[in-house]
Every structure is written in structure tokens, then in C-alpha cells.
Amino acid sequence: MSTVPLETSASSVVDPDEPSPNLVFDYPGADIILRSRDSRDFRVPKLYIVNSSPVLGELIQNASNSSDAAHTEESLPTVQLSDSGAILHHLLTFIFPVSPIPPSTIEKRMELLSVAQEYQMNSTMTHIQGSIALQDSSSIDAFRVYSLAQKYGLRQEALQAARTILTFSMTIEDLEDKLDIMPGASLHELWKYHERVRTLLASDLAEFRDSGARGTMMDLRCTAFSPSLIPRWLDSYIESIGETPNLFDLVEFDITLARHIRDEATDPRCACASMTSQTIRTFWTTLTATVHGSIEKAGSALSLVQEGVNSQVKSLSRPEPLEVPDADLILRSADLVHFRVHKSLLIMASPFFKDLLSLPQPPDSEVADGLPIVQLSEDAELLRDLIPMLYPIHPVIPSPWRGEKMLSVLAACEKYDMVSIQSLIRAEVRCRPSYNSLGSGAFYIYALASSKGLTPEMEHAARLTLDYPMTFETLGERLRLFEGWALRDLFVPGPQRFGLVVPMP
């Protein structure tokens with residue numbers, strides 16, 4: 001059978017969802033064959049598969065036990081799987097240290113996630129979810145994602161899509177062009193979730209009207225006030241969000257305010273037209289926290305149509321600490337700590353090391369315990385985080401915004417051209433709640449990322465700084481971390497930072 005090596009890249013795929021029969025994994029040291037339902041064979045080292053999936057590990061063990069003890073290259077144990085060759089190819093690119101190739105359609109991405117979940121590939125699922133998180137969704141896409149997530153028993157994706165759908169009107173009439181997207185059972189669960197959100201919003205917003213809103217609208221003159229002592233028009237708007245959550249939108253708020261100002265234009269008692277932007281910003285920030293809190297509490301109200309799909313399989317712990325038998329290379333840290341690794345993994349994961357290790361070694365090269373030594377400039381703490389990611393185990397990725405530690409690992413990946421590991425880290429980070437909740441710490445992350453040349457982290461942090469004034473008081477001690485050019489690039493008026501387009505009035 002004609003095959004291509006593991007270094008297959010996305011650029012070699014004509015149709016990423018239907019790879020040709022030639023586009024398979026064929027590793028020279030393979031000791032197992034994974035066969036798809038359409039008879040595509042993937043020759044791979046079982047070490048990766050076993051440590052990535054306890055389910056496949058058991059299937060591989062059974063296949064090995066039922067075969068002869070000795071196997072030739074042409075006669076390896078074979079595991080027959082029920083998945084298509086296209087899906088298995090996508091899945092393997094997320095397992096092995098090669099550039100991941102996600103499917104091009106929502107349907108295939110959801111199917112890929114369901115296969116990873118079926119095989120209990122927790123780390124791989126995180127990687128795939130991070131890729132999906134980058135996709136912008138229209139209302140139709142949100143309903144399709146929700147429907148497919150229900151179909152495949154993907155709770156996290158179903159909940160994320162349901163939250164997006166909250167920004168749209170939820171009536172049968174409004175859903176007319178979307179009703180054929182999902183079965184009635186899934187739509188019913190979505191409606192129950194929507195009702196739970198409304199119930200929580202009504203309760204939390206009633207409390208907000210009596211306390212939070214009043215605190216942000218002190219000394220505001222108007223023609224009529226509610227029992228909550230805030231302008232009646234504002235009280236009605238807040239109450240309407242509990243009834244219709246999609247009204248929680250700054251544009252809707254501006255329309256409501258403009259309508260009130262127009263209606264009261266001739267009444268000198270109303271000073272709402274002179275409301276300061278700071279007052280509006282403070283009010284909206286407080287309201288946002290209340291609404292998001294209600295939505296978060298409603299998460300448990302969303303049920304999968306076939307509840308229990310996720311709980312049928314029991315997660316197994318990954319091997320820890322990392323054991324590296326039969327290592328053939330030593331990486332030595334800057335502080336002289338030895339890390340024993342497999343040369344073949346470094347070569348697969350890093351073109352830098354592939355080139356380095358292909359060079360002839362002088363006869364007087366340093367060795368320890370008979371193994372060649374490669375001296376690195378990184379310290380042991382960083383290498384202790386980086387090296388386990390070369391192996392098919394669930395990696396311990398530094399807490400996303402613990403600043404320098406996580407960014408240093410990403411910078412090391414950049415230096416050694418470890419694209420797949422860098423992709424895995426970024427995918428995991430994007431899936432964590434703190435990714436978009438840095439507060440003014442976004443300035444700190446921006447400064448560190450700029451010093452390490454990490455453009456995606458710079459741009460993301462720069463966008464999060466838009467919520468804060470660019471002043472010395474805001475930067476404080478963090479100003480010490482900036483390089484001049486980075487501070488200059490950040491010091492651009494508001495949303496124009498990093499090329500964000502400012503809408504014309």
C-alpha cells in the first residue's frame with residue numbers, strides 16, 4: 001500500500017475531509033495498524049495511542065494478545081475501528097506531534113469531538129475544542145452546533161452554543177427558518193434552558209434594580225422614578241432583559257435611552273441626555289456582571305437529550321510521573337539538570353532538533369551513561385513543563401495567565417519550532433475561563449508576550465486592554481516590563497489598536 005510519512009501537513013490535503021487513500025500515517029517504527037471502516041490502514045507506534053486513549057489501549061492489547069508474539073513489518077496486529085478514514089486521519093493529527101488538521105465543516109468537527117470523547121481522549125478533546133473556539137458563528141451556525149452537540153453527547157459544546165443562542169429571540173415564530181436544524185427533543189431542552197435563564201435573570205435583576213443600578217445612577221434627574229429609585233425607563237429596560245434575554249445588548253440600551261430623551265426633550269426636569277459616558281460605562285459593567293452570573297448559574301439546567309453518554313465511560317488517570325524507558329539522548333538544562341528523552345520524538349516534534357541531530361557528532365562529544373548530551377539554554381523548571389508534552393500523556397500546562405511561566409514555554413516552542421505543542425498549549429488556554437478575564441492584568445501579559453515575540457498573545461492581550469484607559473495610573477509597576485516599541489504600538493487610540501476597525505459614524 002502506498003503511504004506517506006508522519007510529517008504530512010495540511011497543505012498536502014486537497015480535501016481535508018476526504019483524504020486520499022495515500023494520505024495516511026506510516027511510521028517506520030510502527031507496531032500496530034489502525035484500520036478504518038473504509039479499509040484505510042494507519043501504521044503507528046502504539047505507545048502514542050495507548051497513552052492517549054485507555055479505550056484504544058484495551059483494543060490494542062486484545063489485538064496483540066490474539067496475534068503471534070512476533071510480527072514482521074508486513075504483519076502487524078490490526079485494530080478494526082468503526083470510524084471513517086477521514087475522521088481517523090484528523091484525529092491522529094491531534095495526537096501525534098505534527099501540525100493538526102481540523103475538519104472544514106461544523107458537522108465533521110462535532111463528529112471528530114465525539115470520536116475523541118468515545119475513546120476518552122481528554123487532552124485531544126481539549127486541543128480540538130480550542131480549534132473550534134476560534135470559529136465565529138452566525139445564528140444558524142449556533143443552532144447547528146447545538147443540534148450536533150446534542151446528537152453526539154457533547155455537553156460543553158451544547159452549553160456554549162445555547163449561551164450564544166440567548167442573543168437571539170427565542171419564539172417559534174422567530175425560529176421558523178431554524179426548526180429543521182434539530183429534532184424536537186433537542187429544541188425542547190434548549191427551550192427549558194432558556195426558561196431557566198429567564199427565571200434566574202428575573203430574580204437577580206430585581207435585586208440589581210434595588211441595589212446595583214441605584215448605586216450607579218446616583219443624583220440623576222428624571223421625570224419619573226420607579227420604586228427602586230432609578231429612572232422608570234431604565235427600570236423597565238432592566239426588567240425587560242429578564243423577559244427577553246436578547247435585549248441585553250448595548251445597542252438596545254442606547255435605543256431605549258435615545259427614545260426616552262426624545263420623548264422628554266421639552267421637560268426641563270429630565271437630565272438623562274447629559275448622562276456621562278463614565279456613568280453609562282459603570283452601569284453597563286455592573287449589569288453585565290449580574291447577567292453573566294445568572295447565565296452561569298443556569299448551566300446545570302441544560303440536559304443532553306441522551307443524558308449519561310458522557311458518564312458511561314470512566315476516565316482513567318494518565319501515567320505519572322513521566323517514565324522514559326530506553327531513552328537515547330540527554331537534554332541538559334542551563335542549571336545542569338539532565339532530562340532523558342527519545343531522539344525520535346524530538347525529531348518528529350521539532351525541525352530544529354531534526355536538523356541539529358542530523359549533524360555529525362565530533363568524537364569527543366560529551367556523554368553521560370553512554371548517552372549523548374545536548375546543552376540547552378532553558379532552565380530545568382521550563383524543561384520540566386515542556387518535555388512531557390513531547391510524549392502521549394495528558395500534559396500539565398501552566399495556568400493560562402500565570403504570566404511568565406506559560407509564555408516562556410510558548411517562547412521555547414517558538415524557538416525550537418515545535419508547532420504542534422505550541423498549538424496544544426494555545427488550544428488549552430483558549431478553553432479556560434480566565435482567557436478573556438485578565439482585567440487590567442492584560443497589560444502585564446501584553447508586555448511579557450511582546451518581550452518574547454509571541455504575536456498571538458500580544459494581540460489578544462492588546463484587545464483586552466481596550467476596556468481600560470491607557471494611563472500611567474493603570475499601568476503602574478507594569479510599565480517597567482514594557483519595551484519602548486511595544487508601549488508605542490499599544491498607545492493607539494482605543495479600538496484602532498492592532499488594526500481593529502473603527503466604525504464610521
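Modeller: One term before we start: two strands count as paired if DSSP finds at least two bridges between them. Keep in mind that this is a predicted model.

Colleague: Fine. What stands opposite Val-367 in E7?

Modeller: Pro-372 does. Strands E6 and E7 run antiparallel and are joined by 2 bridges.

Colleague: How many residues sit between the strands in the hairpin of E6 and E7?

Modeller: There are 2 residues between them, and in this hairpin Asp-369 takes a positive phi near 55°.

Colleague: And what is the order of the strands in the open sheet?

Modeller: The order is E5-E4-E7-E6, so 4 strands with mixed pairing. Strand E5 (338–341) and strand E6 (367–368) are the edge strands, each pairing on one side only.

Colleague: In which sense do E4 and E7 pair?

Modeller: Strand E4, residues 329–332, pairs with strand E7, residues 371–375, in the parallel sense, over 3 bridges. Ile-330 stands opposite Ile-373 of E7, and Leu-331 has Val-374 of E7 as its bridge partner.

Colleague: Where do the side chains of a regular strand go?

Modeller: They alternate between the two faces of the sheet.

Colleague: Switching to helices. At what angle do H10 and H12 cross?

Modeller: Roughly 25°, with the axes of helix H10 (residues 232–243) and helix H12 (residues 277–297) coming within 12 Å. Angles under 35 degrees count as roughly parallel, so H10 is roughly parallel to H12.

Colleague: Is the crossing of H10 and H12 left-handed or right-handed?

Modeller: The crossing of H10 and H12 is right-handed.

Colleague: Which residues make the contact?

Modeller: From H10 they are Leu-234, Tyr-237, Ile-238 and Ile-241, and from H12 they are Phe-283, Trp-284, Leu-287 and Val-291. The contact residues of H10 with H12 comprise 8 nonpolar, no polar and no charged.

Colleague: New topic, loops. What is the phi of Ser-39?

Modeller: About 65°, which is positive although Ser-39 is not a glycine. Ser-39 is in the loop between strand E1 (32–35) and strand E2 (41–44).

Colleague: Does Ser-39 count as buried or exposed?

Modeller: Ser-39 counts as exposed because its relative accessibility is 53%, and the cut-off for exposed is over 50%.

Colleague: And where does Gln-120 lie?

Modeller: In the loop between helix H4 (106–118) and helix H5 (122–133). Gln-120 has a positive phi near 60°, again in a residue other than glycine.

Colleague: Why does Gln-120 count as buried?

Modeller: Because its relative accessibility is 10%, and buried means under 20%.

Note on methods:
Residues numbered from 1 in each chain as written. Predicted model: local features only at pLDDT ≥ 70, side-chain atom pairs only at ≥ 80, totals over all residues. Heavy atoms only, no water. Axes fitted to C-alpha atoms, helices over the stretch in contact; angles between N-to-C directions. Parallel < 35°, antiparallel > 145°, perpendicular 65-115°, else oblique. Left-handed = near helix turned anticlockwise from the far one by under 90°. Contact = heavy atoms within 4.5 Å. Nonpolar A, V, L, I, M, F, W, Y, C, P; charged D, E, K, R; others polar. Buried < 20%, exposed > 50% of the residue type's maximum accessible area, 1.4 Å probe, protein only.
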